[in-house]
Amino acid sequence: MTKYIIKRLLGMIPTILIIITLSFFIVRIAPGGPFDGERVLTEAVRRNIEARYHFDEPLVKQYARYMFDVLRGDLGPSYKYKDHDVNYLIGNSLPNSIVLGSMAMAVALVFGISLGITAAVKQNTILDYFPMCLAALGLSVPLFVVAPLLQQIFSMQLHWFPTTGWFMTTGGGGWKTAVLPTIALSFAYYADIARLTRSSMLETLRSDYIRTAKAKGMKNSTIIFKHAMKGAMLPVVSYLGPAFAGILTGSIVVEQVFTIPGLGKFFVQSSFNRDYTLIVGVVIVYSIILVIMNFIVDIVYAQLDPRITYK
Amino acid sequence: MKLFKKKKMVATNEFNQTVEGTSLTKEAWKRLRKNKMAVVGMVVVIIYALLAIFADALPLYPYDEAITQHQNLRPSLTRSAGELMLEQRLKNIYFQAWRNGELAVSEEDDARIREWVQESRTNAVWDLVYKYGEEARANGTFEFSRSAQRQIDRMLEDIENDIQITVNHLYAYDADGERYEVANADYQTLLNLYSTLLNVEPSLVETTLRNEVRTSVSNQVRANDETLEGEDLEAAVELEMDALGEEGYQERATQNLVGYIMQLARREAERDVSAQNSEGTITFPYKGSFELSSGMTAEIEASKMHERRYYLGTDYLGRDLLSRIIYGGQISIAIGLVGTIASFVIGILVGSLAGYLGGRVDYYLMRFVDIMYGLPYMLLVIICMAIFGRNILNLFLALALVSWLTIARMVRGQIMSLKNQEYVEAARSMGASTFHIILRHMIPNSLSVIIVYSTIRIPAFIMQESFLSFLGLGVQAPYASWGSLIGDAVSSMTLYPYKLIAPSVVMVVFLFAMNFFGDGLRDAFDPQSKNQL
Amino acid sequence: MKDFDKEKVILNVEGLQTYFKTDAGILKAVDGVSFVVHEGETVGLVGESGCGKSVTNLSIMRLVPSPPGKTVGGKVIFDGKDILQMSEKELRNIRGNKISMIFQDPMTSLNPFLKISTQMIETIRLHQDVTKKEAREKAVEMLRLVGIPKPEQRIDCYPHQFSGGMRQRVMIAMALSCHAKILIADEPTTALDVTIQAQILELIKALTEKFNTAVILITHDLGVVAGMCDKVCVMYAGRIVESSPTEDLFEHPMHPYTEGLIASVPKLDDGGKEKLFSIEGQPPNVIDLPPCCPFHPRCRKKMGICQAMYPPVYHKDEKHHVACWLYASKEEIDNALKEARDVRK
């Protein structure tokens with residue numbers, strides 16, 4: 001097992017390097033530079049700026065320099081936010097995004113799994129239909145509709161929750177600020193997880209080894225939680241990798257609607273501004289999170305399924 | 001020849017039980033029909049598709065026609081734009097009156113209005129003061145101020161007189177009195193026509209035209225290479241003009257000429273129609289040919305501008321929301337389809353190559369796919385859109401480029417499992433080539449799974465496109481998509497909730513239907529794979 | 001051979017009916033099956049695929065997946081109580097404890113996510129009041145009995161680390177770990193290699209004799225029946241067409257179907273000259289079957305009445321019963337024909 005983990009960890013390194021390289025070059029070959037939008041620069045000023053950001057060097061050298069900096073943990077200066085470097089900007093906003101994302105994921109998992117199992121066990125009853133209708137809704141209503149609607153209903157009309165703000169910022173309001181963004185972000189993933197849990201639970205309950213367990217005289221609850229649970233959770237676990245990726249992008253919308261100072265806002269703005277270092281920095285950070293999440297998912301999967309061999 | 005006669009494969013056994021032979025598709029269709037939600041979904045999807053395809057044939061206002069006076073009108077089935085405009089103006093007047101203390105409101109309501117103003121619940125305030133105002137006016141306890149009355153009168157006049165004219169065809173007559181259509185005429189004819197209309201020398205017009213073409217070329221050159229300046233720019237433009245040649249110039253100039261003449265004709269038609277309107281010799285809506293005073297004949301459609309009805313309201317530029325939603329649906333659905341097809345083609349290509357060739361090719365292709373999977377792919381799309389320009393083509397490309405991964409994996413898996421099956425061995429033993437085997441044996445066999453998967457993907461594409469449009473990275477004005485409509489509406493949702501609700505409902509219904517239809521299809525074709533997403 | 005009729009009857013199945021709702025109609029998988037199992041007796045249930053053997057036994061244990069299946073009639077008397085009427089709790093006390101089952105496919109019948117030890121210990125502790133340690137010792141003992149080498153270590157393995165035959169041994173060990181009164185073995189050797197099959201059957205035979213467990217052995221292999229069973233029930237299209245002590249059945253088969261089955265067993269002693277016998281045709285689809293002998297289209301001795309009405313049961317002697325018109329008197333047949341005509345009118 002340890003060997004397997006180490007091997008998978010080492011396997012992550014080339015992936016991350018390739019991701020850095022790819023995003024660096026995609027951004028660099030793009031037409032238009034970060035300073036295009038501003039007033040026309042004199043030749044001297046332009047040279048000066050280019051020298052400061054090493055634009056005057058050949059691309060390969062820029063790449064090597066950037067790679068070296070990144071490996072030291074320095075993502076470089078931001079071109080647009082001149083007072084701060086990328087590390088500072090990301091470091092300030094990333095925790096907000098991560099907290100939001102993890103809360104949404106946790107909510108989606110708790111509700112998705114529990115309601116999915118109930119639906120499977122109580123098939124064709126109200127306990128099946130209601131959560132599944134909700135899930136069908138969650139699949140079809142885009143996040144950018146859910147978020148404003150929740151805001152409209154629960155903050156503007158009912159005044160239950162504040163419209164904007166974020167509890168982690170100073171003076172950002174209490175825990176209530178976290179409720180609506182979390183629900184909005186988790187909705188679609190609740191839908192997927194509940195449907196997945198239900199169908200895989202149903203399938204597991206039909207399997208031969210569950211019949212064996214019944215023939216042994218096991219109680220229904222024991223059968224579900226001890227015998228069926230592990231097998232039924234496998235598809236859910238492998239879904240979690242892509243789900244994390246989705247939540248990362250989804251949080252862009254939620255952050256925008258609820259004005260949460262997260263990474264998503266920087267990402268969209270920096271791509272409009274062609275703020276190269278910031279874009280690449282955000283992509284690298286997102287990718288690393290994603291790669292780590294996929295790694296964790298793999299390990300959990302291997303833990304759950306004894307048939308996986310650690311080669 | 002009984003070639004096209006359907007063979008009925010029904011046999012009866014010893015027990016008088018009928019035994020019917022069915023094909024996979026027939027069986028699947030039977031299963032699909034039994035799934036009520038899937039059938040409903042299918043019908044809804046078909047309706048949407050028909051609306052999108054025949055949008056041009058529907059009696060809709062142009063989706064990009066902005067009428068300034070019609071900004072932010074609320075949806076109404078019964079009332080025309082003019083009435084709504086007037087109501088809005090009255091609401092404003094009453095509100096001003098209330099604020100100035102001219103409109104009496106009960107104490108209780110006064111407090112309520114004050115509270116609402118604090119909370120910026122504008123609609124509630126307007127509705128209430130409007131109610132009071134109308135009552136007060138009926139009782140005779142309130143009269144408009146002079147300036148307010150002037151505003152209302154002017155608006156009433158506008159509502160009566162503003163005419164919207166579209167020129168569909170424009171005909172002119174040449175020296176022999178022969179009629180020709182302006183849009184199809186050649187350069188020289190148009191040049192003569194235009195100069196006659198303006199009453200100037202043709203050479204003068206030609207000089208202007210040449211300058212215009214040159215300016216547009218120069219703009220183009222500068223857009224391509226921003227570093228060019230001064231003499232370099234001049235030289236590049238000169239070069240470009242040479243490349244264009246006389247023919248190219250005439251082509252461009254003709255376009256401009258047609259535009260000018262049409263504009264001229266429209267203005268003239270407007271004037272003439274208004275004149276007839278005030279004489280009362282024309283009825284609206286008018287459709288037909290119309291003699292212009294300059295001697296040309298125009299096929300026009302004329303209607304009173306403020307008699308329009310906006311069943312779903314208008315947006316912040318005064319464009320018809322119904323029309324925008326339908327045309328937006330056209331774009332959204334098209335993106336869903338094109339994205340799916342593109343990812344389908346790339347996926348099948350890569351997947352079947354990797355699966356069939358195996359070995360090193362397979363290894364590297366699949367490692368590449370793995371790494372692509374590791375990328376936050378929506379972010380890549382965002383980068384592509386932001387950097388390579390926000391147009392529909394780039395959107396297609398960006399979505400297609402990142403979405404073939406799953407299909408490639410699926411096809412590879414399918415092919416790997418099919419590869420060892422006997423019929424492929426058989427084909428090989430009879431000397432069929434690799435390409436032939438892939439094309440004729442393997443792809444058809446894995447196709448149903450892939451097609452079903454693609455159906456399930458269409459809503460995801462539509463959602464992704466809308467997501468980008470919502471962020472302002474998708475389709476750009478004047479085009480619309482459901483996402484951009486929703487994105488535009490979010491900022492003003494308290495004031496104009498209908499702008500958010502209408503496109504949201506339309507989109508959600510479609511996605512709902514599509515999801516149910518896709519699920520039904522998958523269950524019908526592959527009843528075993530219920531736990532795949 | 002031991003005469004089991006003197007032993008106590010421990011299971012009495014009477015008129016069992018299990019139907020499945022399908023798209024095409026009601027599928028009568030089991031339609032009026034009755035048989036008796038005595039203490040320590042081995043009963044064979046023989047028939048072609050799809051004749052309702054497995055469903056009969058799942059119905060006895062109330063394991064028929066519902067929906068679509070439902071046991072609509074009959075009684076299953078165990079120890080004087082009807083299993084079909086029992087509460088969930090009583091039922092759980094029977095399952096695995098008094099009656100246990102082993103299934104056809106050992107590859108899928110063990111939970112792949114749990115260790116063998118977990119699965120065995122939980123069974124033992126479910127029905128017996130023992131500590132975890134005692135249960136483990138008991139499990140190891142059972143594994144040793146079924147011939148698993150090094151059971152102390154192997155018990156902590158996962159099912160996928162065992163071969164098919166070994167897994168079936170584990171299933172047997174698990175099924176017998178509570179000394180069940182009846183072991184239902186649903187084609188226990190079909191999925192295994194031929195060389196393993198005999199070993200497993202021998203094991204079942206030896207262990208059930210040791211624990212004095214009655215066995216209901218489901219199989220389509222008459223050779224297995226001849227070697228294992230004291231009594232045989234032949235099933236066709238959801239009903240038992242003939243039941244008899246094993247020897248009597250092989251010597252004097254009465255139902256044409258049984259004759260056909262016995263004739264189609266390849267024999268080694270005829271020098272390979274004779275062509276293999278086979279019963280022509282396919283078993284019928286049991287949905288909306290008309291009232292007739294379901295075997296008549298394939299029967300070489302069919303008569304007019306066979307197409308009109310299901311035959312009643314004839315008793316050759318106390319133990320040998322058959323459902324076939326061949327043994328009816330002329331009078332009975334005429335009456336039945338008349339009745340059938342009346343019904344049709």
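Biologist: How many residues does the contact take from chain A and from chain C?

Modeller: 19 from chain A and 27 from chain C, contact being heavy atoms within 4.5 Å. This is a predicted model: local features need pLDDT of at least 70, side-chain atom pairs count only at pLDDT 80 or more, and totals for chains, interfaces and linings use all residues. Residues are numbered from 1 along each chain as its sequence is written, chains are lettered from A and ligands numbered from 1 in the order written, and side-chain values use heavy atoms, without hydrogens and water.

Biologist: What area is buried between chain A and chain C?

Modeller: About 2,100 Å², with 62% from carbon and sulfur atoms. Buried area is the accessible area (1.4 Å probe) that two parts lose on being put together, summed over both. In chain A, A:R211, A:K216 and A:P306 lose the most, together 28% of what that side buries.

Biologist: Which residue forms a salt bridge with C:E122?

Modeller: A:K216, with the closest N and O atoms 3.3 Å apart. The rule (Lys or Arg side-chain nitrogen within 4 Å of an Asp or Glu carboxyl oxygen) finds two salt bridges across that interface.

Biologist: Switching to chain B. What area is buried between it and chain A?

Modeller: About 4,000 Å², and carbon and sulfur atoms give 76%. A:S140, A:F144 and A:F272 lose the most area on the chain A side, together 16% of what it buries.

Biologist: How many salt bridges there?

Modeller: One. A:R195 pairs with B:D519, the closest N and O atoms being 2.7 Å apart.
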